[in-house]
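Please examine the sequence and the three-dimensional structure shown here. The briefing that follows is grouped by topic.

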Amino acid sequence: MTTTDLPSGLGAVRQIAGMSLRRTRRGGMIWITVVVLGLLLLGTVAALISGKAGIDLFKGLLTVMLSYLTPLIMALHGSSAVSEEAQAKTVSYLFSRPIPRWSLPMGKYVGTVGIGLVLLVPALVLLYVISMLGDIELFGSELLYLGMGVVAMVLAVLLYGAVATAFGTFVTSYSFVVALVYLLVVEVSFAFIPGWLKVVAMSVHLRVVAGLYEPKTTMFMQDPNLTAAVSIPVVLAEILFWLFIAASWVQGAEYRTDK
């Protein structure tokens, strides 16, 4: 791609992202996400009332968000973003315009990430505030955990948005189900297996960034010792890998406009 192609390509990404955001606002998925996050906040309030509070409560909630909730939400919003265009045959209209094909998955990705950041990062901050109300004297001294949690959440949104976009690109039927199975097998199951298989699960690296990872030693296996200096580049490389898959796949036969 030459430098003269970049402005039109980036402009197409912005237009597709805006279109994706408008379509999401009109649909019901965003309200499902709001309800799920609202229930999590209500559960935190209930835990506070029952006597659980402080940084330990926040760490537990952050673990749930990074390992389970964020992958689910991003798969829900991103996995069908590209495949729905292929199923509805609107991809032929999009590719008949003078735009590079990679702008379709990248635009969908930007829209999905925008939704994730707007919903999940403020929810995380609210969880911290509610959790620390029962231990208010430590509110300021534990802000480092909130900062690390926000960094990990941003990386999680970028990562799982890329995974969802890639699956939505090369799986045009039941893409959400396929993406969910992948997340359950790799991100959830591998994270529980003792030993070096943990490095495959990006949820483990996200917990490292958030300051939540504690390597354990069993009778047969020892968990790897990971640091944020290692985990952040690994997560960033994984993001680029899935985006490359998504951008490359739209060049294939599945997205030919002449069939």
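Lys198 and Asp223 are both buried, where buried means under 20% relative accessible area, exposed over 50% and partly exposed in between (1.4 Å probe, protein chains only). The two residues form a salt bridge in which the closest N and O atoms are 3.6 Å apart. This is a predicted model, in which local features need pLDDT of at least 70 and side-chain atom pairs count only at pLDDT 80 or more, while totals for chains, interfaces and linings use all residues. Residues are numbered from 1 along each chain as its sequence is written, and side-chain values use heavy atoms, with hydrogens and water left out.

**Salt bridge**

- A salt bridge is defined as a side-chain nitrogen of Lys or Arg within 4 Å of a carboxyl oxygen of Asp or Glu, and by this rule the count is 1.
- The pair links distant parts of the chain, with Lys198 in the loop between α8 and α9 and Asp223 in the loop between α9 and α10, 25 residues apart.
- Side chains of opposite charge can pair when their charged atoms come close.

**Overall architecture**

- The protein chain contains 10 helices and 0 strands; helices (H or I, at least four residues) and strands (E, at least two) are DSSP runs, numbered from the N terminus.
- Of the 259 residues of the protein chain, 47% count as buried.
- Contact means heavy atoms within 4.5 Å; of the contacts in the protein chain with a separation of 6 or more, 78% are between residues 24 or more positions apart.
- The accessible surface of the protein chain is about 12600 Å², and carbon and sulfur atoms account for 70% of it; accessible areas come from the Shrake-Rupley method with a 1.4 Å probe, and for residues only the protein chains shown count as cover.

**Nonpolar cores**

- A nonpolar core is a set of buried Ala, Val, Leu, Ile, Met, Phe, Trp, Tyr and Cys residues joined through side-chain atoms within 4.5 Å.
- The largest nonpolar core has 59 residues, and those with the most contacts inside it are Leu37, Met65, Leu66, Leu120, Met153 and Leu159.
- At least two residues of this core come from each of α2 (29-49), α3 (55-78), α6 (103-132), α7 (143-170), α8, α9 (202-209) and α10 (228-249).
- Helix α6 supplies the largest share of this core, 13 residues.
- Apart from this core lies another, of 6 residues, including Val204, Val208, Tyr213 and Leu226.
- Not counting residues up to four places away in sequence, Leu37 touches Met65, Leu69, Ile73, Leu119, Leu120 and Ala123.

- Ser103 belongs to helix α6 and counts as buried because its relative accessibility is 0%.
- Beyond its neighbours within four places in sequence, Ser103 is in contact with Gly9, Ala12, Val13 and Ile16.
- Helix α9 is largely enclosed by the rest of the structure, because 8 of its 8 residues are buried.
- The cover over the buried residues of α9 includes α3, α7, α8 and α10.
- After α9 comes Gly211, whose phi is positive, near 75°.

**Aromatic pairs**

- Rings of Phe, Tyr and Trp (its six-membered ring) pair if their centres lie within 6.5 Å; planes under 30 degrees apart count as stacked, over 60 as edge-to-face and the rest as tilted. By this rule there are 8 aromatic pairs.
- The Phe58 and Tyr128 pair is edge-to-face, because the ring centres are 5.2 Å apart and the planes lie at 85°.
- That pair links distant parts of the chain, with Phe58 in helix α3 and Tyr128 in helix α6, 70 residues apart; both Phe58 and Tyr128 are buried.
- Phe170 and Trp249 form a tilted aromatic pair, 5.4 Å centre to centre with 55° between the planes.
- Here Phe170 lies in helix α7 and Trp249 in helix α10, 79 residues apart.
- Phe170 is partly exposed, with a relative accessible area of 26%, and Trp249 is partly exposed at 40%.
- One aromatic cluster is formed by Phe167, Phe170, Tyr182, Phe241, Trp242 and Trp249.

**Surface patch**

- Tyr174, Val177, Val178, Val181, Leu184 and Val185 make a nonpolar surface patch of about 560 Å².
- Patches are made of residues with over 30% relative accessible area and no salt bridge: like charges are joined within 9 Å, nonpolar side chains (Val, Leu, Ile, Met, Phe, Trp, Tyr) within 5 Å.
- Val185 is located in helix α8 (residues 175-192) and counts as partly exposed, at 42% relative accessibility.
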